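Try each task yourself before reading on.

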Amino acid sequence: MSAALAEAPRIDPVTAGPADSELVAMTLGGNSEAFSTLVERYDRAVYHLAYRTLHDVEEARDVAQEAFFKAFRSLRTFKPEARFSTWIFAIAYHASCDRLNRRKRYSNEELPDRADPAAGPEGQVLALDEASRLRAAIEALPEKYRTVITLYHLQGKQYEEIAGVLGLPMGTVKTHLFRAKEQLRKMLSAAEVTES
Amino acid sequence: MNNYDDDALDRALFALPLEEPPAGLRAAILTSTIYAPAPAFAPWEVAGLGAILALMVWLAINVFSDGGHLFQQSVQTIGFSLGHTLSDFSILWWVALGGATAIWMQFFTGTSSFAPVSRKAQSRPNR
């Protein structure tokens, strides 16, 4: 693992400033600029989640827009004790799943639960720089593991939040995460061995 | 064994930059949310207009249900009342007197509403 990659700061969408719950309250109070701060904080992460789930730039863009639109429309139903990030990720994740189901229904396209065995996920991660290799390895994961890893990447080790977004028990989230990491490790180490 | 132990993999994951969203995503989100044009009517206004429309339809059905007889009768009654009022000299005289009194009071009692003082002129500081 390169030192540069290991030491690079984690991108955290929550920056200094008012808390998300305060921004929600301000938006409900008529200050629409507060919502734009929420958009600034989370648009990238929401897009990232949608993109990792759908593998399509246009659809991910639509899902991100749809998620914020739905959140804005139903902001009054947002519980102040909840986390805005969990809420918006859950909306985006469900919208992504809806699109995946629609895709499957109308085009008989297989859901991306598995990487293409012919391409060989381990082969895909070869000849790429470290970050790209990691991305390719994540892309090669089955969908359920990929989503957990993506949320883990976005939110840190907050299993409870990931469970909240996916609507899964926390134990399942931990299991998925463990298996996802195992698979990632295998793919990445195989790539290293082949390279050396 | 490889270099990717649990901590190294965590660090690599957290260090992985997020994909750049397409240009214009944020603008599109803001346009569809906070900068979206307000609806022409509030929900209560739509409900009110609907109720008024329904009432008008109900009235129209009632008025024209008997071949327009009720409608004709109503028009005749209103026409007769107006004609009677306008042809009666004493009524016209009282109406004219009342109007003239109102105009006189507005002109000569200092409560004229014909020349309101502008707020701008009132708030202008004295030099």
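**Exercise 1. The start of a helix**

Task: Find which residue caps the N-terminal end of H1(B), and work out how covered that helix is.

Solution. Keep in mind that the model is a predicted one.
- Step 1: Look at B:Asp5, which caps the N-terminal end of H1(B). One of its side-chain oxygens lies 3.3 Å from the backbone nitrogen of B:Asp7.
- Step 2: Follow the helix itself, which spans residues 6-15 of chain B. Of its 10 residues, 7 are buried, so H1 is mostly covered, with buried meaning under 20% relative accessible area.
- Step 3: Name the buried ones: B:Ala8, B:Leu9, B:Asp10, B:Ala12, B:Leu13, B:Phe14 and B:Ala15.

**Exercise 2. From chain A to chain B**

Task: Describe where A:Leu188 lies and which residues it touches.

Solution. 
- Step 1: Check its cover. The relative accessible area of A:Leu188 is 0%, so this residue is buried.
- Step 2: List its contacts, leaving out residues up to four places away in sequence. Within chain A, A:Leu188 touches A:Arg133, A:Leu134 and A:Ala137; in chain B, it touches B:Tyr4 and B:Leu9.
- Step 3: Along the chain it is 54 residues from A:Leu188, yet their C-alpha atoms are separated by 7.1 Å.

**Exercise 3. An arginine under cover**

Task: Decide whether A:Arg146 is buried or exposed.

Solution. 
- Step 1: Locate A:Arg146 in helix H8 of chain A, which covers residues 143-155.
- Step 2: Read its relative accessible area, which is 1%. The limit for buried is under 20%, so A:Arg146 is buried.
- Step 3: Compare sequence and space. A:Leu177 is 31 residues away in sequence, and the C-alpha to C-alpha distance is 8.9 Å.

**Exercise 4. Two ring pairs**

Task: Classify the ring pair A:Phe78 and A:Trp87, then the pair B:Trp93 and B:Trp94.

Solution. 
- Step 1: Note what is needed. A pair of aromatic rings is described by the distance of the centres and the angle of the planes.
- Step 2: There are 10 aromatic pairs over all chains. For A:Phe78 and A:Trp87, the centres are 5.0 Å apart and the planes meet at 50°, so the pair is tilted. Both of these residues are buried.
- Step 3: For B:Trp93 and B:Trp94, the centres are 5.2 Å apart and the planes stand at 85°; an angle over 60 degrees counts as edge-to-face, so that is the class of this pair.
- Step 4: Check the cover of the second pair. B:Trp93 has 43% relative accessibility and is partly exposed, while B:Trp94, at 59%, is exposed.

**Exercise 5. Into the core**

Task: Trace how A:Phe84 takes part in a ring cluster and in the largest nonpolar core.

Solution. 
- Step 1: Join the ring pairs. They link A:Phe84 with A:Tyr42, A:Phe78, A:Trp87 and A:Phe89 into a cluster.
- Step 2: Turn to the largest nonpolar core, which has 65 residues. A:Phe84 is among those with the most contacts inside it, together with A:Val46, A:Ile88 and A:Phe89.
- Step 3: Leaving aside neighbours within four places in sequence, the contacts of A:Phe84 include A:Asp20, A:Val24, A:Leu38 and A:Leu75.

Terms used. Residues numbered from 1 in each chain as written. Chains lettered and ligands numbered in written order. Predicted model: local features only at pLDDT ≥ 70, side-chain atom pairs only at ≥ 80, totals over all residues. Heavy atoms only, no water. Helix = DSSP H or I, 4+ residues; strand = E, 2+ residues; numbered from the N terminus. Buried < 20%, exposed > 50% of the residue type's maximum accessible area, 1.4 Å probe, protein only. Polar contact = N/O pair within 3.5 Å; in protein donor to acceptor, adjacent residues only side chain to side chain. Contact = heavy atoms within 4.5 Å. Phe/Tyr/Trp six-rings, centres within 6.5 Å; stacked < 30°, edge-to-face > 60°. Core = buried A, V, L, I, M, F, W, Y, C linked by side-chain atoms within 4.5 Å.
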